[in-house]
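Hi,

Here is the model I promised to send over. Have a look at it first, then read my notes below.

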Amino acid sequence: ARSLQQLGEATEALRQFAALAPVRGSVRFLEAHRYLAEQDLFENERQNDIFRAMHLMQIIRHSPDAKAERRKLLDILTKHREYDQAIQLLQETLSKFPEDRLIVARLRARQGQLKEARDEALVATDDLARQLREFP
């Protein structure tokens, strides 16, 4: 599929990438999902974002440490004000990426949940202080 793309056969390459990266069912090739998540296939920006989000979710589901893809999905969700979904996405990996708690705090503040935002920010501050003590 990449060879076809390099040869200028974009339509055929896209067809092959789509066959390798279904959004439902079994995941075959994460690289195909990555490729498709970067494409602008629709004239409508929202449709492009939905398409990208579906492929990014497949990557994240099958590669939990895919931080770059998680960030891209987070950007899409916040762009469309899907704050609850964005928070849920972040909370799934707070044990691996505790610094994301500050993003959760910011999203809670955007939702008007100021007490929860302060609580998240305090926990993030405590986590950072603990990390600095443990790993000077």
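**The pocket and the helices around it**

The lining of the largest pocket splits into nine nonpolar, three polar and five charged residues. Here nonpolar means Ala, Val, Leu, Ile, Met, Phe, Trp, Tyr, Cys and Pro, charged means Asp, Glu, Lys and Arg, and polar means the others, Gly among them. Those 17 lining residues include Ala-53, Met-57, Leu-73, Leu-77 and Gln-85, which lie nearest the pocket's centre. Its volume is about 360 Å³. Helix 4 gives the most to the lining, eight residues, and helix 4, helix 5 and helix 6 (83–91) each supply at least two.

Helix 4 (residues 45–62) packs on helix 5 (residues 67–79) at about 145°, axes 9 Å apart. The residues making that contact (heavy atoms within 4.5 Å) divide into seven nonpolar, no polar and seven charged.

How far can you trust it? This is a predicted model, with pLDDT of at least 70 needed for local features and 80 or more for side-chain atom pairs, while totals for chains, interfaces and linings use all residues. Residues are numbered from 1 along each chain as its sequence is written, and side-chain values use heavy atoms, leaving out hydrogens and water. Mean pLDDT (the predictor's confidence in each residue, from 0 to 100) is 87 for the protein chain, with 90% of residues at 70 or more. Confidence is lowest in helix 1 (residues 2–6), at a mean of 52, and highest in helix 7 (residues 101–110), at 96.

Cheers

Methods:
Axes are lines fitted to C-alpha atoms, for helices over the stretch in contact, and angles run from 0 to 180 degrees between N-to-C directions. Helices (H or I, at least four residues) and strands (E, at least two) are DSSP runs, numbered from the N terminus. On a 1 Å grid over the protein atoms alone, a cavity is a set of points where a 1.4 Å probe fits but cannot get out, and a pocket is an open set with protein on both sides within 12 Å along at least five of seven lines; lining residues have an atom within 4 Å of a point. Grid points are joined across faces, edges and corners, and a volume is the space filled by probe spheres set on the points.
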